[in-house]
Amino acid sequence: MSKTNCLMLCFFFLFLLLFTGCGSKSADGEGMPFSPYVEAFTSGKVSRYATIYLAFNQEVPPDKMVEAELAKRIKIKPEVKGTFSFENNKTVSFKPSEPLNRDTEYKVSADMSAWFDAAGEDKIFAFKLTTLPLTVRANLEAVNINPSNENGYDIVYTLSTPDREAPETIESLIKLSEKAEMDWVHHSGEKTHQLTAVNVPAGSGESRELTLSVAPNKSGVKEEAVITTLIPAEKDFSVYEVRFNKEPERYVEITFTHSLDDAQTLTGLAYIAGNQNETVTFEGNKL
């Protein structure tokens with residue numbers, strides 16, 4: 001076989017492979033499911049509080065928009081309690097009456113013949129979605145000197161979860177490696193939570209580590225360390241951290257391991273080389 005014919009044969013098989021690989025598959029197979037009647041649908045990773053949608057690419061005839069029949073025409077597995085409705089003449093929605101299970105795959109099957117002249121492979125349209133898991137991430141926001149104890153620290157963390165979680169769920173998940181008062185602030189979105197470990201004592205002889213980790217739980221969250229913070233020694237005076245902030249204005253924030261002297265003059269001691277603005281302020285252990 002000539003080199004030209006060989007190359008043509010290779011291109012033919014490559015084209016055939018690509019063509020067959022792009023075909024639509026059902027929710028039981030791989031790839032994105034397809035229906036000639038469907039424009040969009042809920043898929044991928046979703047909140048367990050999400051509304052499930054199925055949007056058609058054409059209008060449903062008025063005499064077939066019977067909401068009482070939707071629960072018979074659309075099935076969700078595992079079974080979920082909730083309400084089906086027509087959002088408009090091209091979109092059906094399902095609103096769960098209670099949160100879906102976390103980290104769970106749901107299969108939705110719709111009988112398209114209830115609204116269109118669908119038959120054969122086009123009669124049933126099936127798709128999948130998966131709810132978000134419960135995991136916890138944490139960022140260190142601040143290491144502040146405790147207002148009533150110069151040798152104690154208020155360690156501020158921001159915790160985030162992929163989905164909305166109740167305050168009591170988050171609080172029950174978190175533990176510290178040593179005893180400390182935990183002050184919580186839960187934000188309205190319930191995806192971010194602020195924790196302050198109050199008045200953590202400085203190390204008596206040397207620095208040590210404070211570990212925030214996942215406590216034993218019934219939610220299936222892996223018990224592991226989430227973040228570890230260095231607690232300075234009592235007599236250590238040094239720079240703990242340097243941050244550059246962009247909003248609401250740009251500035252450099254330097255955190256020291258102890259409070260700064262209120263009587264200290266900072267002229268010439270703290271500055272940014274080549275910067276025209278020489279404004280320097282400090283409060284507590286932050287400059």
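**Cavity, core and ring pairs**

Me: Which strands supply at least two residues each to the lining of the largest cavity?

Reply: β3 and β6 do. Strands are DSSP runs of E, at least two residues long, and helices are H or I runs of at least four, both numbered from the N terminus. This is a predicted model, in which local features need pLDDT of at least 70 and side-chain atom pairs pLDDT 80 or more, while totals for chains, interfaces and linings use all residues. Residues are numbered from 1 along each chain, and side-chain values use heavy atoms, without hydrogens and water.

Me: What makes a space a cavity, and how many reach 30 Å³ or more?

Reply: A cavity is a set of points on a 1 Å grid over the protein atoms alone where a 1.4 Å probe fits but cannot get out; lining residues have an atom within 4 Å of a point. One cavity has 30 Å³ or more.

Me: Why is aspartate 111 called buried?

Reply: Buried means under 20% relative accessible area (exposed is over 50%, partly exposed in between; 1.4 Å probe, protein chains only). Aspartate 111 has 13% relative accessibility, so the residue counts as buried. Aspartate 111 belongs to strand β7. Beyond residues up to four places away in sequence, aspartate 111 touches Arg73, Lys123 and Ile124, contact meaning heavy atoms within 4.5 Å. Of the 287 residues of the protein chain, 35% are buried.

Me: Which residues of the largest nonpolar core touch the most other members?

Reply: Leu54, Phe56, Ile74, Ile76, Met112, Trp115 and Phe127, out of 29 residues in that core. β1, β3, β4, β5, β6, β7 and β8 each supply at least two of its residues. A second, separate core has 25 residues, including Leu173, Leu195, Val200 and Ala202. A nonpolar core is a set of buried Ala, Val, Leu, Ile, Met, Phe, Trp, Tyr and Cys residues joined through side-chain atoms within 4.5 Å.

Me: What is isoleucine 76 in contact with, leaving aside neighbours within four places in sequence?

Reply: Isoleucine 76 is in contact with Ile52, Phe84, Phe94, Tyr106, Lys107 and Val108.

Me: How many aromatic pairs does the structure hold, and why is the pair of phenylalanine 41 and phenylalanine 125 called edge-to-face?

Reply: The structure holds eight aromatic pairs. Rings of Phe, Tyr and Trp (its six-membered ring) pair if their centres lie within 6.5 Å; planes under 30 degrees apart are stacked, over 60 edge-to-face, the rest tilted. The centres of phenylalanine 41 and phenylalanine 125 are 5.3 Å apart and the planes stand at 70 degrees, so this pair is edge-to-face. Phenylalanine 41 is in strand β1 and phenylalanine 125 in strand β8, so the pair ties together parts 84 residues apart in sequence. Phenylalanine 41 and phenylalanine 125 are buried.

Me: What makes phenylalanine 56 and phenylalanine 116 an edge-to-face pair?

Reply: Their ring centres are 5.2 Å apart and their planes at 75 degrees, so the pair is edge-to-face. Phenylalanine 56 lies in strand β3 and phenylalanine 116 in the loop between β7 and β8, 60 residues apart.

Me: How do you know whether these two are buried or exposed?

Reply: Phenylalanine 56 has 1% relative accessibility, so it counts as buried. Phenylalanine 116, with a relative accessible area of 6%, is buried. Ring pairs link Tyr37, Phe56, Trp115 and Phe116 into a cluster.

Definitions and conventions
On a 1 Å grid over the protein atoms alone, a cavity is a set of points where a 1.4 Å probe fits but cannot get out, and a pocket is an open set with protein on both sides within 12 Å along at least five of seven lines; lining residues have an atom within 4 Å of a point. Grid points are joined across faces, edges and corners, and a volume is the space filled by probe spheres set on the points.
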